[in-house]
Amino acid sequence: MDSENPRVRAVHPVDAQVVEVPVDVAVPAPEASDDLDAASPEHDPDEVRISFLLFPHLTQLDLTGPAQVLSRVPGAHVEYVAATLDPVPSDCGLALVPTTTIAEAGPADVLVVPGGDGAFDAMLDVAVIDFVRREAGRATWVTSVCTGAFVLGAAGLLAGKRATTHWASKPLLAAFGAQPVEDRVVDDGAVVTAAGISAGIDMALWLAAELAGQPAAEAIQLQIEYDPQPPFDGGSAARADTRVVAEARAAAEAARGEKVARAAAAVIR
């Protein structure tokens, strides 16, 4: 039975057959879950269920920035989901403690997928991709921060969609049939992607406004005193030295391109 809750809006993986991948590598394609074809479950209108995906070597600010915002949304119930309940190491040495497992996680209104170097291993993990696909079939919003977009791509959620990610890896999104764009936060239907790391806070505030209204989101912004005033203006690839940007993008492609091609091949076939 379909839910009357307007937050419930299923997101289904998109066929990406039109994408050509230059590397032919045998990777087990994640099987589509039966949940993707089922009716969306009923969600409590007084509770916003938010799941954050954890995996080894994620960038902690990708997760903790949005968590500080979204956990303050009225009615928010937050879960931190990982393969096991063991602490998950982040890329800065801080360990994060899951509250539930991929196997036991309940349906969420919002799924948040962080990035980091670990995202390029997570996108080749069949259990992780099955989980993302399962949640996409029953969530209102499926979101990513930074290179978490590549996990969404590997789940088949970015084909034909506008999307963003960390500036150094943005061109690689095209392997999944996405249209890379320069915006800091991109919403294309129920899929929302944020640019690098700190952009996750911007995305979370935007999403808080969608979930609870702009006054509530502005109150959260004030609570966390999110009023960036950096000591210098060097945080954008659009304003950085073009040679440095080009070299960093080339290094990112060299380090990550093969894994991206393998993940894209698994989605396409």
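Thr100 is found in strand E5. In this predicted model, Thr100 has a relative accessibility of 10% and therefore counts as buried, the limit being under 20%. Leaving aside neighbours within four places in sequence, Thr100 contacts Glu79, Tyr80, Val81, Ala82, Leu85 and Ala105.

The strand that holds Thr100 belongs to an open sheet of 7 strands, in the order E5-E2-E1-E6-E7-E11-E10 and with mixed pairing. Strand E5 (100-101) and strand E10 (185-188) are the edge strands, each pairing on one side only. The pairing of E5 with strand E2 (residues 76-82) is parallel and runs over 2 bridges; Ala82 stands opposite Thr101 in E5. Helix H5 (residues 199-212) packs on the sheet, where it touches E1, E6, E7, E10 and strand E11 (191-194), and its direction makes about 160 degrees with that of E7. Helix H1 (residues 60-70) lies across strand E1 (48-53), E2, strand E6 (110-113) and strand E7 (141-145), and runs at about 170 degrees to E1.

Ser169 sits in the loop between strand E8 (162-163) and strand E9 (179-180). Not counting residues up to four places away in sequence, Ser169 touches Phe120, Thr147, Phe150, Ala252 and Arg256. With Arg256 there is also a polar contact between the two side chains, at 2.7 Å. Ser169 and Arg256 are 87 residues apart along the chain, while their C-alpha atoms are separated by 8.3 Å.

Charged pairs supply further links. Side chains of opposite charge can pair when their charged atoms come close. The whole structure contains 10 salt bridges. In one of them, Asp121 pairs with Lys259, the closest N and O atoms lying 2.7 Å apart. This pair links distant parts of the chain, since Asp121 is in helix H2 (residues 119-122) and Lys259 is in helix H7 (residues 242-268), 138 residues apart. Asp121 counts as partly exposed at 45% relative accessibility, as does Lys259 at 28%.

Arg162 and Asp183 form another salt bridge, at 3.4 Å from N to O. Because Arg162 lies in strand E8 and Asp183 in the loop between E9 and E10, the pair ties together parts that are 21 residues apart in sequence.

Within helix H7, Glu247 and Arg243 are 4 residues apart and so are separated by about one helical turn. These two residues form a salt bridge whose closest N and O atoms are 3.4 Å apart. Glu247 is partly exposed at 47%, whereas Arg243 is exposed at 53%. Finally, a network of salt bridges links Arg134, Glu135 and Arg138.

Note on methods. Residues are numbered from 1 along each chain as its sequence is written. This is a predicted model: local features need pLDDT of at least 70, side-chain atom pairs count only at pLDDT 80 or more; totals for chains, interfaces and linings use all residues. Side-chain values use heavy atoms; hydrogens and water are left out. Two strands pair if DSSP finds at least two bridges between them. Contact means heavy atoms within 4.5 Å. Axes are lines fitted to C-alpha atoms, for helices over the stretch in contact, and angles run from 0 to 180 degrees between N-to-C directions. Buried means under 20% relative accessible area, exposed over 50%, partly exposed in between (1.4 Å probe, protein chains only). A polar contact is a pair of N or O atoms within 3.5 Å; within protein, one must be able to donate a hydrogen and the other to accept it, and residues adjacent in sequence count only if both atoms are side-chain atoms. A salt bridge is a side-chain nitrogen of Lys or Arg within 4 Å of a carboxyl oxygen of Asp or Glu.
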